[in-house]
Amino acid sequence: MRMCWIAIVAVLGLVVGPAAAQPAPDPARTGLGIRLLDAPSDRRDDPRAQVYVVDHVQPGAALSRRVEVVNRTGRAAQVSLYPAAAELTAGSFQVLPGAAANQLTGWIRVSPATLRLAAGASGTATVDIAVPAGTGGGERYAAVMAEIRESSSEEGISIASRVGVRVYLSVGGPKEPVSDFEITTLQAARQPDGRPIVTAQVRNTGGRALDMSGTLSLTAGPGGLSAGPFPAELGTTLPPGGSSPVVVVLDPAIRGGPWVATLTLRSGPLERAAKATVTFPDEAGQQAEPVAAEQLPLAKDPDILVPLAGALIGLIVAVLLYVLYRRRRRDRGDEGPGAQ
Amino acid sequence: MRKALALGTVALSLAGLAAAAAPASAADVTATFTVAAGTLSIATAATSANLGTATTSLTGTTVTGTLPKVTVTDNRGSTLGWNSSVASTAFTSGALTIAASKAKAYIVPTNGPTLTSAALSAVPSTTAIDAATGLTLGAAQVFVTATTTASNSVDYTPTVQVTIDSTVAAATYSGTISHTVV
C-alpha cells in the first residue's frame, strides 16, 4: 500500500506536464469563453470533474468553485453570469432556454452577476452552491452560464450567445452513489452515405449521470484483418437508469465480416469493455440485427491498474535511487579522504 | 546518506497517506485544486440579423433567412465534447406576437458544421440538425454536437424559417435568438 501511494504521486507528476501543454493556441477571436478553475482534490483522476462541476454532497452542505470568463470578442462586453436549469433528455445534456429555474438553480449563487470585460480581458466569478438541509437524494443538473446579449438596433433579431459549465450535483448520504454502466448490444449498419457504423446500446446501471467516450477495435476480420481503434462519437450523456445508443463511425473501406468488435467506453475514471461478433451489410442504409455483447473483464479498471503501475514505478525509482547511492558511495570512496 | 533516503521514503509515504485520507473528510469541506484546462468559447459573426420580408397571405407563408455564423472553440483538451442548442424568444411588434414555436432552425450542408481546426488529424465530423427535421426554437434541443475529441473549432451558419400564419398582422417583428454551448 505504501509503495502504491509513492507511485501515485509519481504518476500524477508525469501526467500533469503534457495535459497542461495540450490546449491548442487560441486564435484571436474565439468570442466569449468560460472555464472551471477549481476541481475537488478527491476527483483528481476524473477528467469530467476538471471541466464540469461534478460533486456529491450531503443535505445541508455547501461547496464553492470559481469560473473564469474570457472576452475574446474583440470589443468591450457586459457578461451576465447566472445558473440555468438543465435536463438529460434524448441522451444529451440540454440547457433550457433563458434563465430557466429548477431546484438546483435555486441553490446556486454566482457572484458577481455581471462582469464588465474590456476586449481581451478575463474575470473570475465564484459559484456557491448551498444544499438546504432536508433535501431529498438524487442527482440534479444545471449549468453556470456566461452570456453576452446586446440590445441591437430597433428592429430585427438580436443574437445572444452564451457558454456554460455543466453542474452534475448528487445529493445523498455520506457515501456517493456508485457509477456503473453496461454495454448491452452492438449493431452493425451502413449509413446512407456508405460509411459503416457500429451502434452500441449502453445502459447506466449506477446512481450518477455518465458522459460517454471511448473506442472500438475490429479484430479477427476477413483474412485475419484488424482495424481501428475508431473513436466513439461524443455527446451521449446518460441519466441514472437511462439507456442510449453510442455510435462509432468506421472507415468506409471496412466491409463484410464477421469481425470481432471490441468496444471500450469510459465516463470519467470508469471504464467498461464488451465484445460481439458483427457483420456489416453491403448496401447503404441497411442494418444488421443487434448482437448481445459479452462483457469483458476489467483488466483496465483504474482501481487495479493505477496501483499496479504505481507499484512498478515505485520499484524502478527505488532501484534507481539504490544504484545512485551505490555509485556515489563508490565515487566518494575513490576520491574522498577515506581512500588515502 | 542511507538515513536521508529513508527519510525521503517516509515523507513520500506520509504524503500518500494524506492523499488517501482526504476523500474521507471531503463530505464537509471539499478541498480543491486548480485546473489547467483551456476555455470553451462561442463567437457569433454579428449581434443582430434580419430574416427578410414576407407578404402576408390568406394561405400563410414563410420567411427564411440565415443567422450570423457561429464559431465554437473548445480548448479544454478533454475527451468530453460539447453540444450547442438554439432557442428564441417570441417575435413581437408592439402587442403583436409570433410564437417561438413557429420558427425552426436547421443548417444547410454547405453552411457547416465545419471543423476548422483540431488537435488530431483524423477526427469524425460534427453532427447537426438538417432541414428535413428542423428544430423548433420554442424548446431546448441540441442543435450541433461535437463528436471530435481533443481541442477543436467548429463553424456553422444556421438558417431560420418562420411560419407566418394567415392570422399574423403585417408589421416588423423583433426577437432574440440565443445560442447556447455547454
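# Salt bridges, rings and surface in a predicted model

Visitor: At 38% relative accessibility, does K69(B) count as buried, exposed or partly exposed?

Guide: The model is predicted, and its values are computed from the atoms. Buried is under 20% relative accessible area and exposed is over 50%. K69(B) has a relative accessibility of 38%, so K69(B) counts as partly exposed.

Visitor: Where in chain A does R208(A), the partner of E139(A), lie?

Guide: The side chains of E139(A) and R208(A) meet in a salt bridge at 2.8 Å, N to O. E139(A) belongs to strand β10 (residues 138–148) of chain A, and the pair ties together parts that are 69 residues apart in sequence. R208(A) lies in the loop between β13 (196–204) and β14 (210–211).

Visitor: Are E139(A) and R208(A) buried or exposed?

Guide: A residue is buried if its relative accessible area is under 20%. E139(A) and R208(A), which meet in a salt bridge, are both buried.

Visitor: Is D193(A) buried or exposed?

Guide: The side chain of D193(A) meets that of R195(A) in a salt bridge of 3.2 Å, N to O. R195(A), at 29% relative accessibility, counts as partly exposed. D193(A) has a relative accessible area of 51%, and over 50% is the range for exposed, so D193(A) is exposed.

Visitor: How many salt bridges are there over all chains?

Guide: Side chains of opposite charge can pair when their charged atoms come close. Over all chains the number of salt bridges is 18.

Visitor: Which residues does S244(A) contact, leaving aside its neighbours within four places in sequence?

Guide: S244(A) sits in strand β18 (residues 243–249) of chain A. S244(A) is buried, with a relative accessible area of 7%. Beyond those neighbours, S244(A) is in contact with G91(A), A200(A), Q201(A), V202(A), T236(A) and L238(A).

Visitor: How many aromatic pairs does the structure hold over all chains?

Guide: Some of the rings belong to one aromatic cluster, formed by Y52(A), F93(A), Y141(A) and Y168(A). Over all chains the number of aromatic pairs is 5.

Visitor: Which kind of pair do the rings of F93(A) and Y168(A) form?

Guide: F93(A) is in strand β6 (residues 92–95) and Y168(A) in strand β11 (residues 157–171) of chain A, 75 residues apart. Both residues of this pair, F93(A) and Y168(A), are buried. Their ring centres are 5.1 Å apart and their planes stand at 45°, so the pair is tilted.

Visitor: What is the angle between the planes of Y141(A) and Y168(A)?

Guide: The two rings form an edge-to-face pair, 5.9 Å centre to centre. Y141(A) lies in strand β10 and Y168(A) in strand β11 of chain A, so the pair ties together parts that are 27 residues apart in sequence. The angle between the planes of Y141(A) and Y168(A) is 85°.

Visitor: Over the face of which residue does R44(A) lie?

Guide: Another arginine, R48(A), lies over the face of Y168(A), at 4.6 Å from the ring centre. R44(A) is at 4.1 Å from the centre of a ring in chain B, that of F33(B).

Visitor: What percentage of the residues of chain A count as buried?

Guide: The secondary structure of chain A comes to 2 helices and 22 strands. Its accessible surface comes to about 15,800 Å², with 56% belonging to carbon and sulfur atoms. Of the 340 residues of chain A, the part that counts as buried is 46%.

Visitor: Which residues make the nonpolar surface patch of about 370 Å²?

Guide: One of them, V319(A), is found in helix α2 (residues 302–335) of chain A. V319(A) counts as partly exposed at 48% relative accessibility. The patch is made by L315(A), V319(A), Y322(A) and V323(A).

Methods:
Residues numbered from 1 in each chain as written. Chains lettered and ligands numbered in written order. Predicted model: local features only at pLDDT ≥ 70, side-chain atom pairs only at ≥ 80, totals over all residues. Heavy atoms only, no water. Salt bridge = Lys/Arg side-chain N within 4 Å of Asp/Glu carboxyl O. Helix = DSSP H or I, 4+ residues; strand = E, 2+ residues; numbered from the N terminus. Buried < 20%, exposed > 50% of the residue type's maximum accessible area, 1.4 Å probe, protein only. Contact = heavy atoms within 4.5 Å. Phe/Tyr/Trp six-rings, centres within 6.5 Å; stacked < 30°, edge-to-face > 60°. Lys NZ or Arg CZ within 6 Å of the ring centre and 35° of its normal. Areas by Shrake-Rupley, 256 points an atom, 1.4 Å probe, with all protein chains shown as cover. Patch = residues over 30% accessible without salt bridge, like charges linked within 9 Å, V, L, I, M, F, W, Y side chains within 5 Å.
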